[in-house]
Each structure stands twice: as structure tokens, then as C-alpha cells.
Amino acid sequence: MSAAAQMTSSKTAEDWLDVLMSVTEEFAHESLGFTSYSTQRRHGSAPKSGTGTYIPLVGARASLEMGIVSTDTGCRQLAGALLGMDAEESAELSEDDVVDAFCEIINIVSGVVKQRVNEEDPSFNLGLPIFVKGQIRVMEHQGTAVADVQVGDIPVQLVVVTPQR
């Protein structure tokens, strides 16, 4: 096995979270127009509730799920920011528009994550995003890494779930 393949297969949920956090911060500043972004804490507990999107990233040597989770209002505000709206305007978005825009956010972010690890493992492919309201259940054998971040004044959780601890 090549050194690049060994490095990819040995990535932990925490390693993937580092990449997801970096990409999300850049996206929040450059594409969504937020001037403040801060990490509140990191932990290994899957969100107990929330609204958000998850997308699989599957390669020959590794696979994972990445997620971006917030409150209903937070999702609406982030979706509105993607569409160039302020918080007041985003309050008028339909539920379908919020879901579409929030899924587009995870598509964009995960595409950049995939691009960043492409040199290590070009076999990665993105799946289709899913929009979730409520708790996801992570199995005992799965690895989980979560970062509680603040995008502007919006609480967000960045989630990575891997097949193994």
C-alpha cells in the first residue's frame, strides 16, 4: 500500500473534522459574507437534536459522513446568506428553499473537502446530501467528531462520522 493510501485510511474522525472546520470557516467568510467565526468546543457526541444536512464521502480505502447542523432559524439564516439575503429576508424563505439551499451548502463544502484530500486519495466520490430534522443515531463502533462553532451569531455543529472508532 502506498504512503498516500496508508495516510488516507488512517485518518480519524478528528482528522476529517480538522479539514471540515477549515473549509467551513473559509466558506462562511468568503461565500456567505460572515465576518466572525469561532470554535466553541470539540467533542465526540453526535448532536442530540437539530436541523441540518449530511453527505457521504466514499473512497476505495475510507468512507465517512459529514454534516452541518444548526437550529431551524440558523439553517434558515445560513440558507438566506447563500442566497444573498439578510436575516429578515431569510425569514420569508419557504421550507423547500431552505432545504435546497442548505443541501447546496453541504455540497459546496464537501466538494472542497474532497478536493483537499484528492492528492492523498483520488478515489473519493460524494453521495447525495440528506436533510435531517432531529437526532441521528451513531452506532457504538462508529467514530464521531463534532465541533460546536459560531458563524456570526448562528450556532452550528460540524459533524463527522466514520465507520470505525
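Phe-102 is buried, with a relative accessible area of 1% (buried means under 20%, exposed over 50% and partly exposed in between, using a 1.4 Å probe and protein chains only). A quick note before going on: this is a predicted model, where local features need pLDDT of at least 70, side-chain atom pairs count only at pLDDT 80 or more, and totals for chains, interfaces and linings use all residues. Residues are numbered from 1 along each chain as its sequence is written, and side-chain values use heavy atoms, with hydrogens and water left out.

**Aromatic pairs**

How many aromatic pairs does a search of the whole structure find? It turns up 2. Rings of Phe, Tyr and Trp (for Trp, the six-membered ring) pair if their centres lie within 6.5 Å; planes under 30 degrees apart count as stacked, over 60 as edge-to-face, and the rest as tilted. Here are the two:

| Pair | Centre to centre | Angle between planes | Type |
|---|---|---|---|
| Trp-16 and Phe-124 | 5.5 Å | 80° | edge-to-face |
| Phe-102 and Phe-131 | 6.3 Å | 90° | edge-to-face |

Take Trp-16 and Phe-124. Trp-16 belongs to helix H2 (residues 13-30), while Phe-124 is in the loop between helix H5 (95-117) and strand E4 (125-126), so the pair ties together parts 108 residues apart in sequence. Helices (H or I, at least four residues) and strands (E, at least two) are DSSP runs, numbered from the N terminus. Both partners are tucked away: Trp-16 is buried at 2% relative accessibility, and Phe-124 is buried at 1%.

Phe-131 is partly exposed, at 22% relative accessible area.

**Helix H2**

H2 has 18 residues and reaches 25 Å from its first C-alpha to its last, close to the 26 Å expected at 1.5 Å a residue (the expected span is 1.5 Å times one less than the number of residues). Its buried residues include Ala-13, Trp-16, Leu-17, Leu-20 and Phe-27. Val-19, also in H2, counts as buried at 16% relative accessibility. Leaving aside neighbours within four places in sequence, Val-19 is in contact with Val-113 and Arg-116, where contact means heavy atoms within 4.5 Å. Val-19 and Val-98, on the other hand, are 25 Å apart in space, C-alpha to C-alpha, and 79 residues apart in sequence.

**Thr-53 and the cysteines**

Thr-53 is in strand E2 (residues 51-58) and is buried, at 0% relative accessibility. Beyond its neighbours within four places in sequence, Thr-53 is in contact with residues including Met-66, Ile-106, Phe-102, Phe-131 and Cys-103.

Cys-103 itself counts as buried at 13% relative accessibility, and Cys-75 is buried at 1%. A disulfide here is a pair of cysteine sulfur atoms within 2.5 Å, and the structure holds 0 of them.
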